Amino acid sequence: MTSEKPIIYQLLPRLFANPCNHCVPNGTIQQNGSGKMNDITKKALKSIKGLGVTHIWYTGVIEHSNQTDYSRYGIHRDNPHVVKGRAGSPYAIKDYYDIDPDIAVNVNKRIKEFQALVDRTHDAGMKVIIDFVPNHVSRQYISDAKPAGIKDFGVGDDRNRFFSRDNSFYYIPHQLFAPSINLGSGDDAYVEFPAKASGNDCFTAFPSQYDWYETVKLNYGVDYGDHTNHFYPIPRTWHDMHSILRYWCDMGVDGFRCDMAHMVPLEFWQWVIPNIRERYPHVVFIAEIYDVALYRDFIKYGGFNYLYDKVNLYDTLRGIQCHNVSAAQLTHCWQTVEGIGGNMLNFLENHDEQRFGSQQYAGDPSLVIPSLVVSSFISTGPMMIYAGQEIGEQAKDAEGFSGNDGRTTIFDYWSIPTIRRWMNSGNWDSELLTSQEQWLRDKYRTVLTICNQEKAISRGRFFDLMYVNYENRTLNPHRQYTFLRSCDDETLLIAVNFDSNPCNLKINIPLHAFETLGIPQGDCVAVDLLSHDMMRKHLSPDLPFETEIGPYDAVVWKIKHKNVLQRYKK
């Protein structure tokens, strides 16, 4: 990636459908339609790029199991009893070497349509990220697009053993797969004998409806029976995954969001990432990971560029918004990842989490500004936006399998109302957006553009001001948080207000901050990058920095230190 702060936009092409205003819950693709790769036009990409986006993560593009019959195209039909939702989970991969036929206008040319999307994205000045799902596959994995010499997973396995180093899967010998869901009857039944372990490390034949019963765990050489590792010689699955990564790199993909990366042995990542980078040095690897204790190892030894910071920063911001957690707890967040903050991928939404504006979260998307500013500006690491987040999608629909859970479905054929209005029959403009949606999108554009344009954010240093403001009567550490970002001759003083009431702060800046960041004392001009307000200030550890902040709002005061007043007068 370049020196600018990466801004990643997560987009599910399937959900960019624009067929009608009234979808049918649990509807088929014929009833509800599906967004296509070709819908992501030059206009669409220009609109996304205009937000400040540097990378697009195209989610769900690799072929996965679903309930639509594509057998006339030579694609094996899936048994619906082990498919979640009509459209299926994008993480139940059916063919690592193929594209989801749902999102192709011409199914026979789906690979070419994906290649054209990659080219359009690059032409628009953005990089392409796709999912790499290494931990599990669909229970019905059959590749019809694999290159010559590649064997399907499971072919040649010794199915009489729970574990064998070169088996693709883990087996429960001599036992029928018997989950606590309906597997059908007669010719319609799904039959698996012997049973294979499920993707969420469920090593029995009897997964529940809450397990990942639609997936099968892949074997990387770890015997979960006696917890021994068998990594030498290199297990077959390692070589298979290396071939898959090279296939997509050859197609122009710039990076991989690695699903549930911590469920795959670190030793595999130590081996495969350097191997890929020998030929594709620019390729980025992002780990979905939920164990803070593993963060440093996955960066230092695993070779990942970025890690999800879900259980640290995301959970804290959600706690502040919803559960009376104090804003001062944000200090613990940066301390937890001190030294690796630039490797943290921050976000407020993704396909697994509830929408910020949903009733299950904040209930109002306009309350996002303090959370957005903190997550975007607290480190030099990437910020991720989930499609529709920037226009306040609230996920009010009960789509079918997903239900009314505050999330945007990944399992159903569906059309999202905010995105339909933004698409506007291919115009990709603000014409049909409400005034609040337009206001919110402008706020996102402002914040994300700051990420790219301000060197104090993209490569500057961080200084937490809370420790000298806990006894400050004007600042409530339960609802306000403040910090500095500084680079060369520029400093940003950032303060956020999570409260429903405005505040007038007199922020203490200690001498240590001036010395550590090299900030000169004296007169200056400060400009709020959010409101564009301007004021003259005198910077000194003996004189608090005064600022007003509205309800659920923020300020980002930019201070240039060298000859600022002279330039201002000119």
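The largest nonpolar core of this predicted model has 164 residues, and Phe 256 and Trp 269 have the most contacts inside it. By nonpolar core I mean buried Ala, Val, Leu, Ile, Met, Phe, Trp, Tyr and Cys residues joined through side-chain atoms within 4.5 Å; buried means under 20% relative accessible area, exposed over 50%, partly exposed in between (1.4 Å probe, protein chains only).

Local features need pLDDT of at least 70 and side-chain atom pairs 80 or more, while totals for chains, interfaces and linings use all residues. Residues are numbered from 1 along each chain as its sequence is written, and side-chain values use heavy atoms, without hydrogens or water.

Let me turn to Phe 256.

Next, helix 5, residues 266–279, has as its buried residues Leu 266, Phe 268, Trp 269, Val 272, Ile 273 and Ile 276. Seen down the helix axis, these fall within an arc of 130°, so they line one face of helix 5; the arc is that of the directions from the axis to the C-beta atoms. They pack against elements including strand 5 (127–132) and helix 4 (236–250). Helices (H or I, at least four residues) and strands (E, at least two) are DSSP runs, numbered from the N terminus.

Finally, Tyr 96 lies in strand 4, residues 93–99. Tyr 96 is buried, with a relative accessible area of 1%, and its contacts include Ile 62, Phe 153 and Trp 248.

Conventions. Contact = heavy atoms within 4.5 Å. Lists of a residue's contacts leave out its neighbours within four places in sequence.
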